[in-house]
Amino acid sequence: MLLRLKIFTVLFLASFALLIARLFYWQIYKGDDLSVQARQQYTKGQSIDAKRGDILSSDGTWLAASGEGWLIFAEPKRITGDPEEIANELAPLFVEDPDDRKSLLVEVDRLKDLMTRDAFWVPLKQRVDGEIKKNVEVLGIEGIGFEFAETRVYPESSSAAQLLGFVGKDDQGNNKGYSGLEGYYDLTLSGKPGFLSRESDAFGNPIMLGSSKEVLPIGGVDLLTHIDKTIQLTIEEKLSDAIENYGAKSGIVVVMNPKNGAITGMASYPSYDPKNYFDYSDELFNNPVVSSTYEPGSVFKIIVMASALDAEVVEPDTRCDICSGPLKVDKYYIRTWNDEYHPDSTMTDVVVHSDNVGMTFVGNKLGPDKLHDYLKSFGIGQPTGVDLQGEVSPKIRDKNEWSVVDLATASFGQGVAVTPIQMVRAAAAIANDGIMTTPQVVDKVVTDQGNQDIKPQEEGRVISKKAANQITAMMVEAAKNGEAKWTHRSGFGVAGKTGTAQIPIEGHYDEEKTIASFIGFAPYDDPKFIMLTTLREPQSSPWASETAAPLWYSIAEEFFPYFGIHPEK
Amino acid sequence: MKFKKYKRKDRKFRFRLPGIWMMFWLVLILFVGLQVFSAVQTLASGGEIAELEKKEAELLKANRELQEDLVKSSSLSQMSEEADELGFTEPDTIIYLGTDDFVAKLP
């Protein structure tokens, strides 16, 4: 009996020792590893996306806003049905036109290929709206899931596309703004994502006594722009009509308040749909107003003449004593656009007739050094600083690199390259009594704590008020009595200038192709707007007086009542 | 068999000592029990939190949808199309009226 008791005692003690040893192994020796594994199971960390800020027009309504989008994905290893059947069910929901058999079949093949891959997760369709998501959900297909993905909504469709830019993805798959305002203000609009890490049970419910870490996301701020929707839609419509009527390859219209640099409208053609930017060529993403350069032609004459008037090397009634015929400069001849010559023209006549010989006279009076300095003052050769991504600035020749030919051609706007926004800014200085401002699209940054004004930036006086008034008077005469007088709206105080520039191709100028422009502001004594219209290679007529000028006036006709501009008494 | 002789203890002390210890153990058991109960309740509230988070997500989704509807309804181009359909047109002629400014004579 005692022996049995002793044996049982030994066995009991041995089992107990084994248990202690096992517990020691799992709790002490393997404790750290198991703790890490357990934490991986019940601790979940996820990034919380920050809402992207909206882009608002001047009246507070939306140009671009955050919307609900979904990514539809498939888990091929969980799909139980026939991938071809599933593809046939999904394809009509994904294509734009379900009646288009060809695109439907292409989509079916694409989906089938994705669902039969040897992968755990494949994206089927991105940026899907709520309605399509609901329709797919109703099908109840095993292995098909949805992931929320913020998308952009454009209530005005493709209006102001190049001004706004678009939201794509970066290398890590995060949202990123490209081009225009979305690109320039990407950091401001993006905000900062948050993070949530906490312990959860097997059902995914949070364990309240467990550890948790939460960093709240900081939403992106909204941008309140100067863009006026009425102006924007008007210029888009008129530009589109003009492209069709005149057979132009491309065109731009820019409207700005010359007193504070506020850009109230900016349109360009061709354009793209920012919601479906991936369907378009990269070249369309650049905003030609800030990214394309061209030789401005005769619209540039107002800059050169204004410089000469300010330098007092000419007066409005100074007579041109070389204007009786073509002028020989080096081995070239400078001719007028219509080969008509006006001996003893005044400077006003030179602007009204858009006389190249007269402008060469002015350029010679100024001299290359002074002309170079004035061009720099007018911002030619420097970025304007407009708040849009992608601005370029073609350089102007250094002072000591100007030949007599360069001086002559620059005087009438050839041989010097500008961007449209540079041209508008320079002309706006004339409209603003000689003071130049920085073009600006965004007016305010709207946050939860209040609005932050982005104040207009004055860049200083470029020419005297007297010179500004003199050149304005010349522009009024040019609008009334120049080659575009047939389209001038009599009674309204418009100051304007046409420009028909030849396009340089491989070291020479094309004989037929032109860039037609008109720049003007109204009313000339208290300008409410300045506008530049440009049409590239118009087919109906190469001349700005017959293309860009009528476009300008057709838009201005809508603007006069809108801005409360009435005819002069 | 030998029996140990036990002295009879004083009657007074026999009832006090067991009472204090009982109270102590009772309080301890109650305290531990309360702790366990409270912990279980807190842990169970994780489910409620998950429900509330689900409701929050639904409300946020509804808010997003309303916001999107608002954005789309503010479209000027859409309004312009609807105005055309309803028969609104732009004026053909604008007549500017000139007026003389009348100013009251100062006293």
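**Figure 1. E312(A) sits in a loop of chain A, between α11 (301-311) and β15 (327-329).** Helices here are DSSP runs of H or I with at least four residues, strands are runs of E with at least two, and both are numbered from the N terminus. This is a predicted model, where local features need pLDDT of at least 70 and side-chain atom pairs count only at pLDDT 80 or more, while totals for chains, interfaces and linings use all residues. Residues are numbered from 1 along each chain as its sequence is written, chains are lettered from A and ligands numbered from 1 in the order in which they are written, and side-chain values use heavy atoms, leaving out hydrogens and water. E312(A) isn't a glycine, yet its phi is positive, at about 60°. With a relative accessible area of 57%, E312(A) is exposed (buried means under 20%, exposed over 50%, partly exposed in between, using a 1.4 Å probe and protein chains only).

**Figure 2. D339(A) is in the loop between β16 (332-334) and α12 (347-353) of chain A.** Here's another residue other than glycine with a positive phi, near 60°. D339(A) counts as partly exposed, at 45% relative accessibility.

**Figure 3. A cis peptide bond runs from Y269(A) to P270(A).** Its omega is near 0°. Look for P270(A) in the loop between β14 (263-269) and α10 (288-291) of chain A.

**Figure 4. A522(A) and P523(A) are joined by a cis peptide bond.** Omega is about -20° for this bond. P523(A) is in the loop between β22 (508-522) and β23 (529-536) of chain A.

**Figure 5. K133(A) is part of helix α5 (residues 130-139) of chain A.** K133(A) counts as buried, at 10% relative accessibility. Setting aside its neighbours within four places in sequence, K133(A) is in contact with W70(A), V128(A) and F146(A) (contact means heavy atoms within 4.5 Å).

**Figure 6. Helix α9 (residues 229-246) of chain A packs with helix α18 (residues 548-562) of chain A.** Their axes are 9 Å apart, at an angle of about 155°, which makes α9(A) roughly antiparallel to α18(A) (under 35 degrees counts as roughly parallel, over 145 as roughly antiparallel, 65 to 115 as roughly perpendicular and the rest as oblique). Axes are lines fitted to C-alpha atoms over the stretch in contact, and angles run from 0 to 180 degrees between N-to-C directions. Among the residues that meet are I231(A) and L239(A) in α9(A), and L551(A) and F559(A) in α18(A).
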